[in-house]
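Reader: Could you walk me through the ligand site in this one? I'd like a close look at what surrounds the ligand.

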Amino acid sequence: MKLKYVILLIFGLLIFEAQAQFPELENRLDRKIKAFLEENANNWRDMNVSLSDGRVLYDLILENNYTAAVEIGTSTGHSAIWMAWALSKTGGKLITIEIDKVRYLKAKANFKNAGVEEFIDARLGDAHELVPNLEGKYDFVFSDADKYWYKNYFIAMDPKLEVGGCFTAHNTSMRAHGIREFLDYVESLDHYKTTINRQSRSGISLSYKIAEK
Ligand SMILES: C[S@@+](CC[C@H](N)C(=O)[O-])C[C@H]1O[C@@H](n2cnc3c(N)ncnc32)[C@H](O)[C@@H]1O
């Protein structure tokens, strides 16, 4: 095969793969969010999740009909936009927490531009303090801030998580300080069932709550 056909084929496959990440579009908001994500696909430079990890979060929320989500570590909002997209369909809302003011403000602007701001309650502050003080019950958590604190975030969220809910944590493939300790802890719990999503190159752990303690 001539080189130019090989290049065209690779290019076509890349476009196909990027399109495959997006869910079917049902309404005007879907089209607005997708357009925003496509326009900004190469602009996420603040430790944000990949497009495919965003889709994993979207699917988890939609498949389980989750409505009350918490994200620990907003950064500039890529993962939050994917979760808010799913919550726009389940009638839910996301609380997301970020300690860095510049990232928090950028995330707020991104939420507005993507059209998802009404589904997100963005909070500026230290999650070490804000997470234990969250009031109410939740059914989905995405932990993506300081890895060495994952176990503490989990312990703080456990009593607030509904049975059937899921605590997810990002970057579980990393050798970062705290990841192994967190995984050993959640895997040891009888009232949770923990698996690792292997679709994600970074690793996303999924701990489903199967009973109260
Ligand atoms: C990996 S990034 C999050 C990426 C984001 N989930 C996304 O995909 O767009 C981690 C973020 O957690 C924030 N962070 C770290 N420690 C924190 C803490 N104690 N409280 C709140 N945010 C924290 C960092 O400032 C950083 O923006």
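**The ligand site**

Author: The ligand sits in the largest pocket. On a 1 Å grid over the protein atoms alone, a pocket is an open set of points with protein on both sides within 12 Å along at least five of seven lines, and a molecule sits in one if more than half of its atoms lie within 2 Å of its grid points. Helix H4 (78–90) and helix H6 (127–130) are the elements that give two or more residues to the shell around the ligand; helices here are DSSP runs (H or I, at least four residues), numbered from the N terminus.

A caveat: this is a predicted model, where local features need pLDDT of at least 70, side-chain atom pairs count only at pLDDT 80 or more, and totals for chains, interfaces and linings use all residues. Numbering runs from 1 along each chain as its sequence is written, and side-chain values use heavy atoms, with hydrogens and water left out.

So who's around the ligand? There are 21 residues (a heavy atom within 4 Å), and the closest are Val 49, Ser 79, Glu 98, Ala 127 and Asp 144. The shell splits into six nonpolar, nine polar and six charged residues.

Now the polar contacts (N or O pairs within 3.5 Å). Asp 144 puts a polar side-chain atom 2.8 Å from a nitrogen atom of the ligand, and Asp 146 has one 3.3 Å from a ligand nitrogen. With His 78 it's a polar backbone atom, 3.1 Å from an oxygen atom of the ligand. Taken alone, the ligand exposes 600 Å², and the protein buries 91% of that (Shrake-Rupley areas, 1.4 Å probe).

Notes
Polar contact = N/O pair within 3.5 Å; in protein donor to acceptor, adjacent residues only side chain to side chain. 1 Å grid on protein atoms, 1.4 Å probe; cavity = no way out; pocket = protein on both sides within 12 Å on 5 of 7 lines; lining within 4 Å. Nonpolar A, V, L, I, M, F, W, Y, C, P; charged D, E, K, R; others polar.
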